[in-house]
There are 4 protein chains.
Amino acid sequence: MIEKELKFGTCVGVFTPGSDRYCRSGYGPPRTLDEMLEMASQVEGLGGLELVSNWHVKEDTVAQVKKDLEKHGLEVCLLIADLWTRARWGKGSFASRDKGVREEAVQEVKKVMDLGVELGCDKVDLWLGQDGFDYSFQGDYSRDWDNIVECTRQCADHRSDVKLCIEYKLKEPRTHCYVNSAAKTLLLINEVQKDNVGVLLDVGHAIVAQENPAEAVALINRNGGRLFYVHLNDNYRYWDDDMMVGAVHLPLMLEFMYWLDEVGYDGYYGLDIFPYREDAVRAATESIEWLKTMRKLLSRIGRDKIREVIASGDATRSSRMIREAITAGM
Amino acid sequence: MIEKELKFGTCVGVFTPGSDRYCRSGYGPPRTLDEMLEMASQVEGLGGLELVSNWHVKEDTVAQVKKDLEKHGLEVCLLIADLWTRARWGKGSFASRDKGVREEAVQEVKKVMDLGVELGCDKVDLWLGQDGFDYSFQGDYSRDWDNIVECTRQCADHRSDVKLCIEYKLKEPRTHCYVNSAAKTLLLINEVQKDNVGVLLDVGHAIVAQENPAEAVALINRNGGRLFYVHLNDNYRYWDDDMMVGAVHLPLMLEFMYWLDEVGYDGYYGLDIFPYREDAVRAATESIEWLKTMRKLLSRIGRDKIREVIASGDATRSSRMIREAITAGM
Amino acid sequence: MIEKELKFGTCVGVFTPGSDRYCRSGYGPPRTLDEMLEMASQVEGLGGLELVSNWHVKEDTVAQVKKDLEKHGLEVCLLIADLWTRARWGKGSFASRDKGVREEAVQEVKKVMDLGVELGCDKVDLWLGQDGFDYSFQGDYSRDWDNIVECTRQCADHRSDVKLCIEYKLKEPRTHCYVNSAAKTLLLINEVQKDNVGVLLDVGHAIVAQENPAEAVALINRNGGRLFYVHLNDNYRYWDDDMMVGAVHLPLMLEFMYWLDEVGYDGYYGLDIFPYREDAVRAATESIEWLKTMRKLLSRIGRDKIREVIASGDATRSSRMIREAITAGM
Amino acid sequence: MIEKELKFGTCVGVFTPGSDRYCRSGYGPPRTLDEMLEMASQVEGLGGLELVSNWHVKEDTVAQVKKDLEKHGLEVCLLIADLWTRARWGKGSFASRDKGVREEAVQEVKKVMDLGVELGCDKVDLWLGQDGFDYSFQGDYSRDWDNIVECTRQCADHRSDVKLCIEYKLKEPRTHCYVNSAAKTLLLINEVQKDNVGVLLDVGHAIVAQENPAEAVALINRNGGRLFYVHLNDNYRYWDDDMMVGAVHLPLMLEFMYWLDEVGYDGYYGLDIFPYREDAVRAATESIEWLKTMRKLLSRIGRDKIREVIASGDATRSSRMIREAITAGM
């Protein structure tokens, strides 16, 4: 399988200049969806786009968006439900203490599931970024989790032909998010008990949660086997820096990609990078090129060799294996 | 329940001068078990002792240990199976790739379960500190986890009158331990499916794993309700510093203790501190006094008030509640 | 000195709903400066306000701002030069590779120094948040630092009656900021060699940089004694969460306040909190109340006792000292 | 200079099985110095050895050690003064509150300087690992730093033909070490004012201190230019894991090695790894092979190209530069 070609996608937001709490207006001029699609089409090897509801697509723009995507030969690989871009969700979406907000959140997800079908995409990202707490004695852990389970279940019941991909993240924008690790996401999925609910593993989120991403893949595979989607990027471990792939970690990424193959993951490799100060087209291109390079290094080693080295448990052999894959051509 | 009196225990190792990789001989002279028990008896309020097998008790010393404990009016509150003090376990105990080592590890635990019964203690700590990996392409995630599940099950089957308390820890001595978070421990317990297997929550381990300890208590309670034991200490978040209680975190500890009550935890509050450079009797005493002080602060607020503040989700009220508990007497 | 009354200030931005990269429009409605001043005047004990140039005050609004402040009985305790709110500064201000940008940055600071004098404030904050790098092989360490030294010197020369307060921060918005620790700031000041250049110590920045804030105070005192200003807040150590004072750390904060007294700091205690989801008036009030409470705890102990305990180097005595200050009234 | 051959050294302790606070007896059998030298001689490319006083060499063994080294064709590249292996130093060496301990520490260093000359080595490592504090209100920052300055000065005065290499480290064995960053070390050196006092930069220590190692090299170069020695290893950023080179970081290490060349560093590349569970000969060999591979990648790019890319400040070019160096031979 290491030889199979990968499918690359990216969040279209990569092409909107990023903002932060200091530079609210963003590190560059805003762009229309069409401009962003034009940029996306310049990224060699890119086939899929992730869109955020409300930001990039709504009920009344879906037809136009579809047409625009076709024009550029791109497909939607993931729809991301907006449960985090507005003050409305500030104190939570599924875990909001306000019943009205929870209902609205569920409604948003259902709408996005329908939009997905219209756009030919069967995967909807549920990132509950606003569901968590910041201070001691603020989270109502039992009640809040009840609400997350219940809302997720309602969404899952809306239609079984769309997969809900729960994207866990340790923190940000809350200091503590509820759905924050692979293992906790699996406990949530256990409670929800719906076949169309699975995991979106963002490799940067896994690193920040101090998981080894490869191990997280194996854990998800073991517990139901529903790894629905992956996000690629890199960071310095303390924060979700959303940097270009290849920026920091090499052995870790190689092992992660190897395990994706081992569990038979054949979905998109979706970029989730924030090139605040970089040319977005080049940043996405670099990330894809690094993924291809990593893939080549793995192929050069070969699956049998990798399995044998892992089975030995000898770290000096692991080190040598990676090093020789690099120096093979030197 | 906040009014109920707490039971305090400590690992007897607190009274042995600690060593580390630099000062191998330890930061003070070694002590006999009897000397340590003598010190333990000087700690006001201390009722229970945790013993590590091989280090503090073995089959041929159990009778003497029992006598010594009685002499000092102490009981054993936890027995810790030695799966980590010898080179034999260096590459893993339950997850060792060597079948002989795994069998020996299971044998060790079974032996300790029997010792526990002899010593009147129905709780055995399973800390799989050596089971993990250090480098990329070293862990054999699927096989290693299989072995952990299988070995744990064999131990649980040995006798149902002893509770196995799985103590999770993010890292150290391995850079990555397998059983490393509350959620992952619960997934393990789900697989093992034995009633006498539960969780030992070390508050410092929870902090290092970037859990909020109070939330971890609620999560464990929700998933089977088997919080069997807790360890108390404090740290600076990056590492398991095993400092005295009260050293760093106040609101976090208060919330943790509140949730222990909420879920009905009525076991020991076991100190797991490493007073490398401190007088051990005073370090243990301080920790217990801090726990009592925290308890008093909670009582001063009252459970109804706490529940109401949590339900409000208003962090300024949480802040004020804690602050006023402190200033009430000023 | 512990008995002396503290002066409290806050950044006026505390009263503007915060935004982040996800919720760009902010977690609440925008407010006019007048509305924010009105809110500030509701915070008991607040005497000073910090203003950010361009955001809160400009050359053509300075007269009006002055009038508004007088109306509410508030004074300006710090002016913050805008070197970070616009895309213009995205790749650096003083360390920009673009000479034009550097000149503009220096010009901005000089302007703010003049505004300060007009507003009766002799302190200008230089936070070089955008000056740093994100990736390997991106920073031009020697040249960039040259530029920071040179630009700072030019600003210092502009007028000696205004103090430049260099606010260090480990990271954010860059993954690596150049002026990132107390020690490195002191090396910068050594190079600049101007009496009106000193340090702004943000306690949260110190924590994220893994400094012990009290020690940073002593270090600054030792190296020139130019601790010009302090910022107060709290966080969970990995990120500049800008939480309310009292949220996480108690002993650390007590020690920090003690050392501020020891070195004779008599300036403002300026809040730098981001109450994204809290009522801002209550959040600021809580922070001030916590600072007052901490001060009372220190007074209760007394300076002589503190000195004696520190001199002993005995951590069990440190622990007991803090604990007994809390329980004294119980 | 990138073409110049590197000199490789290692601490001889690499060949002693490591221990930790759990496995006190070590993860393998103890070895004599001769056995360790025999192992060292099996590491291809290794030319120098670092010895720790008391552990590996003493006044009465120096003649024998010298002979043994010659037998194996190895030279001493660094002598490490033992200020951390015994309980005696537990509460500090240079910063001890006990005058007798401080004098003994200075005496130890002077003795080691003399031993160095006898062994033909002009570099002595001063790692003040025990000098720091663990708890709030424990460090006596002003007095303790005075003592560090004074003791360092006394050692420097002992003989000017030996270089004192101050090795900074954020923490461990103390939760806070005093000499903990490149910048703070430079402030210390400024105070000491002796030409034979400089910096030992351990790349892992720099990473844990959240420095970018390459930037630390430039900073040291700027402030006196006394980078006397470097230690090589790798880690996961939170702790000084002392792993094999190449284990985690590739771009970071490349940039670090590039800057070592830029500032003209021509000393040893000394391994400071702890292969607790690995074959030590292979672990050292792997680390050296990785360093050679990194060097080749840099050569392949060429210094002019690197300078140009850095000057551009364009991270996508930095990424591409590294990536293409890897794929050049594919």
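This is a predicted model: local features need pLDDT of at least 70, side-chain atom pairs count only at pLDDT 80 or more; totals for chains, interfaces and linings use all residues.
**View 1. Chain A meets chain B.** Welcome to the contact between chain A and chain B, to which chain A brings 52 residues and chain B brings 52 residues. About 4,300 Å² is buried between these two chains, and carbon and sulfur atoms give 57% of that area.

**View 2. Salt bridges between chain A and chain B.** Here the theme is charge: six salt bridges are found across the interface of chain A and chain B. One of them joins the side chains of B:E191 and A:R222, with 2.6 Å from N to O.

**View 3. The side of chain A that touches chain B.** Look along chain A for the elements that each give two or more residues to this side: helix 4 (141-158), helix 5 (182-192), helix 7 (213-222), helix 8 (251-262), helix 10 (303-312) and helix 11 (315-327). Sorted by type, the residues on this side of chain A are 29 nonpolar, 13 polar and 10 charged.

**View 4. Chain D meets chain A.** Now turn to another pair of chains, where 33 residues of chain D touch 33 residues of chain A. The area buried between chain D and chain A is about 3,100 Å², with 62% of it coming from carbon and sulfur atoms. Three residues to look for are D:Y238, D:R323 and D:M330, which together supply 21% of the area that chain D buries against chain A, more than any other three residues.

**View 5. Salt bridges and polar contacts between chain D and chain A.** Four salt bridges are counted between chain D and chain A. Among them is the one in which the side chains of D:D314 and A:R282 meet, at 2.6 Å from N to O. Polar contacts link 14 residue pairs across the interface of chain D and chain A, both residues being at pLDDT 80 or more.

**View 6. The side of chain D that touches chain A.** Which elements of chain D give two or more residues to this side? They are helix 9 (280-301) and helix 11 (315-327). Helix 9 of chain D gives the most, with nine residues. By type, this side of chain D holds 14 nonpolar, eight polar and 11 charged residues.

Terms used
Residues are numbered from 1 along each chain as its sequence is written. Chains are lettered from A and ligands numbered from 1 in the order in which they are written. Side-chain values use heavy atoms; hydrogens and water are left out. Contact means heavy atoms within 4.5 Å. Buried area is the accessible area (1.4 Å probe) that two parts lose on being put together, summed over both. Helices (H or I, at least four residues) and strands (E, at least two) are DSSP runs, numbered from the N terminus. Ala, Val, Leu, Ile, Met, Phe, Trp, Tyr, Cys and Pro count as nonpolar, Asp, Glu, Lys and Arg as charged, and the others, Gly among them, as polar. A polar contact is a pair of N or O atoms within 3.5 Å; within protein, one must be able to donate a hydrogen and the other to accept it, and residues adjacent in sequence count only if both atoms are side-chain atoms.
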